[in-house]
Amino acid sequence: MKRLIASAEMTTGPFFPREFAQGANDLTVLDGKKSVGEVIEIIGRVTELDGTPLDNLILEIWQADAAGRFDNPEFLGWGRAATDANGVFLFKTIKPGVSEGRAPHVNFLLLYSGLMRQLQTVMFFEDGPDPVLDAVQPRSLRRKLISQKKGNIWTFDICLRGEGETPFFGD
Amino acid sequence: MAYQVVPRDPHTQSDGVVPGYAQTARRWPSQPLQRRPHGAAELGAPRGLERRLPLLRGDLAGRGAKRALGQLIHLRARVVDEDGAPLAGALVEVWHCNAAGKYIHANDSHDAPPDPNFYGAARMLTGDSGLVELRTIKPGAYPVPDAGGWWRPPHVHFSVWGRVWLARLVTQMFFPGEPLNESDAILNAVRDPEARARCIARLAPTAQGPANALAYEYQLVVRGRKAAPGMP
């Protein structure tokens, strides 16, 4: 069979429709039913070079359920949020469980004007061991992927470029 | 059969930092991108995503007599993977500006009129053959602010979910024969001319199309393929 080549990715541009991001950042309710597990919030601020916050940047997340399952039809495991004018995003979700040799984690995908391709990163709740966290080189960057807990709120700031830059995956 | 996602061919993809597009140098990471092993997270995907992202319109060109201004077009976009296998039931988002080059977005400061009969965004599911069809109008060109005379050619934004998390695709579709295609910083950030050509839709023969609209055909290829038999 003749292989096709994947389409070239391109930026979302500055005008990603507001209505596309509305109401999709709460993963704890699906079809009016509450999902099982510990409810947490994930908040963070997304910045570019020089620490400037980014407005209307789109973040999509993908995670396991409380039992570590990625295929639970009662918990979709997927959400989308947009940053506000201060660069801040918020997800309400269930704390993911341990899955298949993986530490609890949340997969992030970022889309924005000026990002020619999607950027992917991973948020962890504590330091490893985890095969994805352990793959990050140099080691000193791994701490950038570990979120900070305060009550039921986990903070995960993302810096696209410059000092304190977040490691991203290009696979 | 197992599914796999292999690294992108950089030649067929845009560079991260693009000359003439100033924001890219403030946003694309300066460090090389990391590699990771692929497991249940990377090769899994939410099923029934439309339960989180409800379907939204299948027609952007207005209702009844209240038609959007501009050239009526009929888009036929097919979603396939690298094996050429169509994706049935895949979610597709489409958005673009109106015929005058104005988006429905508070941040668009372009001095062009809004069109009250134009709807700028749709969300649909592909059918069994991987196809979505959308009636809309051909978007206009518009100038990029503070970019030295850079005008975006007419284009349509697509956002598509593939079979796995790593197969997410967000891209733009261009129209054939547009002179601004030659100078667009975004389209020309793809260095391989064949890959660039695949970003341009094909005008379907007018004798076969709808009587009142031009039909354009486009193919979206999401990442991912079946693993060859015998591979671990």
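This is a predicted model: local features need pLDDT of at least 70, side-chain atom pairs count only at pLDDT 80 or more; totals for chains, interfaces and linings use all residues.
Figure 1. A:N56 has a phi near 65 degrees, which is positive although the residue is not glycine. Its place is the loop between β3 (39-47) and β4 (58-63) of chain A. Is A:N56 buried or exposed? A:N56 has 20 C-beta neighbours inside 10 Å, so it counts as buried. B:D146, which is not a glycine either, has a positive phi of about 50 degrees. B:D146 belongs to the loop between β8 (142-143) and β9 (151-152) of chain B. Because B:D146 has 7 C-beta neighbours inside 10 Å, it counts as exposed.

**Figure 2. The surroundings of A:L111.** A:L111 is part of strand β7 of chain A, which covers residues 105-111. A:L111 counts as buried because it has 22 C-beta neighbours inside 10 Å. Leaving out residues up to four places away in sequence, A:L111 touches A:T12, A:I58 and A:Q118, and also B:V170 of the other chain. A:D171 is 60 residues from A:L111 along the chain, and the C-alpha atoms of the two are separated by 16 Å.

**Figure 3. Strand β11 of chain B and its partner β10.** Strand β11 of chain B runs over residues 169-174, and six of its six residues are buried. B:L169, B:T171 and B:M173 point one way from the strand, while B:V170, B:Q172 and B:F174 point the other way. Strand β10 (residues 155-160) of chain B pairs with β11(B) in the antiparallel sense, over six bridges. One of the residue pairs is B:H155 with B:F174, its bridge partner in β11(B).

**Figure 4. The side of chain B that touches chain A.** Contacts link 65 residues of chain B to 59 residues of chain A. Elements of chain B that give two or more residues to this side are α1 (24-27), β5 (91-95), β11 and β13 (214-221). Which of the elements gives the most? It is β11(B), with four residues. By type, the residues on this side of chain B are 28 nonpolar, 19 polar and 18 charged. For the complex, the predictor gives an ipTM of 0.96 and a pTM of 0.96.

**Figure 5. An open sheet in chain B.** Four strands form this sheet in the order β7-β4-β13-β12 (chain B), and their pairing is mixed. β7 (131-137) and β12 (202-203) of chain B are the edge strands, since each pairs on one side only. Strand β4 (residues 72-80) of chain B runs antiparallel to β7(B), and seven bridges join the two. B:R76 has B:E133 as its bridge partner in β7(B).

**Figure 6. Chain B as a whole.** Chain B contains two helices and 14 strands. Its radius of gyration is 19 Å, close to the 17 Å from the globule rule for 232 residues, so chain B is as compact as a globular protein of that length. Buried residues account for 41% of the 232 residues. The mean pLDDT of chain B is 94, and 98% of its residues reach 70 or more.

Notes
Residues are numbered from 1 along each chain as its sequence is written. Chains are lettered from A and ligands numbered from 1 in the order in which they are written. Two strands pair if DSSP finds at least two bridges between them. The radius of gyration is taken over C-alpha atoms; the globule rule is 2.2 Å times the number of residues to the power 0.38. A residue is buried if 20 or more other C-beta atoms lie within 10 Å of its own, exposed if 12 or fewer, and partly exposed in between; C-beta atoms are placed from the backbone. Two residues are in contact if their C-beta atoms, placed from the backbone, lie within 7 Å. Ala, Val, Leu, Ile, Met, Phe, Trp, Tyr, Cys and Pro count as nonpolar, Asp, Glu, Lys and Arg as charged, and the others, Gly among them, as polar. pLDDT is the predictor's confidence in each residue, from 0 to 100.
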